[in-house]
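This report covers side-chain contacts, strand packing and surface features of one protein model.

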Amino acid sequence: MKIAVIGASHGIGNQLLKLALAEKHEVTVLLRKPNNLDISNANLHIIKGDILEPSSIANATAGQDATCVCIGIPPSRKPVTVFSQGIKNVLSAIGNNTEQKLIVVTGIGAGDSKGHGGFLYDRVINPFLLKEIYKDKNREEAIIKESHANWMIVRPGFLTNGPGTEKYRVIENLTGITAGKISRADVADFMLKQLKEPTHFGKTPLLTY
């Protein structure tokens with residue numbers, strides 16, 4: 001399988017990159033600073049660029065079986081547009097190619113997952129530290145849902161650097177649910193398994209232990 005990973009220098013994207021290469025998939029990554037990626041593999045293709053650059057997005061997504069968007073930014077109280085503008089560029093590059101799968105990672109608090117993070121997260125952390133980020137992630141999700149892409153939005157719970165366990169819950173109906181922790185490795189595991197055997201496309205699953 002040919003997979004493009006946008007946001008592969010760290011976090012979930014980096015875990016997905018390593019897992020995909022271990023399974024001998026062909027992976028193209030889009031990096032602002034290619035020298036920061038300390039991985040060498042014959043199946044790894046690196047494109048220098050940014051999700052806000054339409055030309056580099058077009059290069060990264062061309063000819064792929066799937067594109068996975070795993071970007072993240074530090075907490076900000078200033079208006080954020082990177083998620084919504086970035087996904088517009090990705091969708092424009094993919095066009096009407098419904099054969100290419102699109103997986104986008106947002107997070108707990110986006111869309112109808114708002115209010116399912118627990119008291120401290122819902123009342124303090126998200127409103128005071130992540131408000132602007134999640135405003136834009138909401139815009140991003142809305143743009144994806146209105147598109148003609150073959151999409152899935154993944155909403156991880158509270159991320160850890162723990163090992164992959166392959167034992168996690170995939171939740172669609174959030175009634176009565178409060179998100180817990182999930183390792184970045186297990187989020188990557190879910191994403192790669194979905195690319196091979198899709199069951200949750202067109203949906204917004206929450207991942208948690």
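## Salt bridges

R139 is partly exposed, with a relative accessible area of 38%; buried here means under 20% relative accessible area, exposed over 50%, and partly exposed in between (1.4 Å probe, protein chains only). R139 and D136 meet through their side chains in a salt bridge (3.0 Å, N to O), the term standing for a side-chain nitrogen of Lys or Arg within 4 Å of a carboxyl oxygen of Asp or Glu. D136 is buried at 0% relative accessibility. Helices (H or I, at least four residues) and strands (E, at least two) are DSSP runs, numbered from the N terminus.

The model is predicted: local features need pLDDT of at least 70 and side-chain atom pairs count only at pLDDT 80 or more, while totals for chains, interfaces and linings use all residues. Residues are numbered from 1 along each chain as its sequence is written, and side-chain values use heavy atoms, with hydrogens and water left out.

The count of salt bridges is nine. Another of them joins R155 to E141, with the closest N and O atoms 2.7 Å apart. R155 lies in strand β6 (residues 150-156) and E141 in helix α5, so this pair ties together parts that are 14 residues apart in sequence. R155 is buried at 1% relative accessibility, and E141 is buried at 2%. Both belong to a network of salt bridges that links D112, E141 and R155.

K193 is in helix α6 and E166 in the loop between β7 and β8, and the pair links distant parts of the chain, 27 residues apart. K193 is partly exposed at 33% relative accessible area, whereas E166 is exposed at 53%.

E166 is not a glycine, yet has a positive phi of about 60 degrees. K24, also not a glycine, has a positive phi of about 70 degrees. K24 is located in the loop between α1 (11-22) and β2 (26-31) and is exposed, with a relative accessible area of 68%.

## Aromatic contacts

There are two aromatic pairs, counted when ring centres of Phe, Tyr and Trp (its six-membered ring) lie within 6.5 Å; planes under 30 degrees apart count as stacked, over 60 as edge-to-face and the rest as tilted. Y121 and F158 are edge-to-face, at 5.0 Å centre to centre and 75 degrees between the planes. This pair links helix α4 (residues 119-129), which holds Y121, to strand β7 (residues 158-160), which holds F158, across 37 residues. Y121 is buried at 7% relative accessible area, and F158 is partly exposed at 26%.

Y168 and F190 have ring centres 6.4 Å apart and planes at 85 degrees, so this pair is edge-to-face. Y168 is in the loop between β7 and β8 (169-171) and F190 in helix α6 (residues 184-196), 22 residues apart. Y168 is buried at 18% relative accessible area, as is F190 at 4%.

## Strand β5

All five of the five residues of strand β5 (residues 101-105) are buried, so the strand is largely enclosed by the rest of the structure. K101, I103 and V105 cover one side, and L102 and V104 are on the other. Strand β4 (residues 66-69) runs parallel to β5 and is joined to it by four bridges; strands pair if DSSP finds at least two bridges between them. V69 stands opposite V104 in β5.
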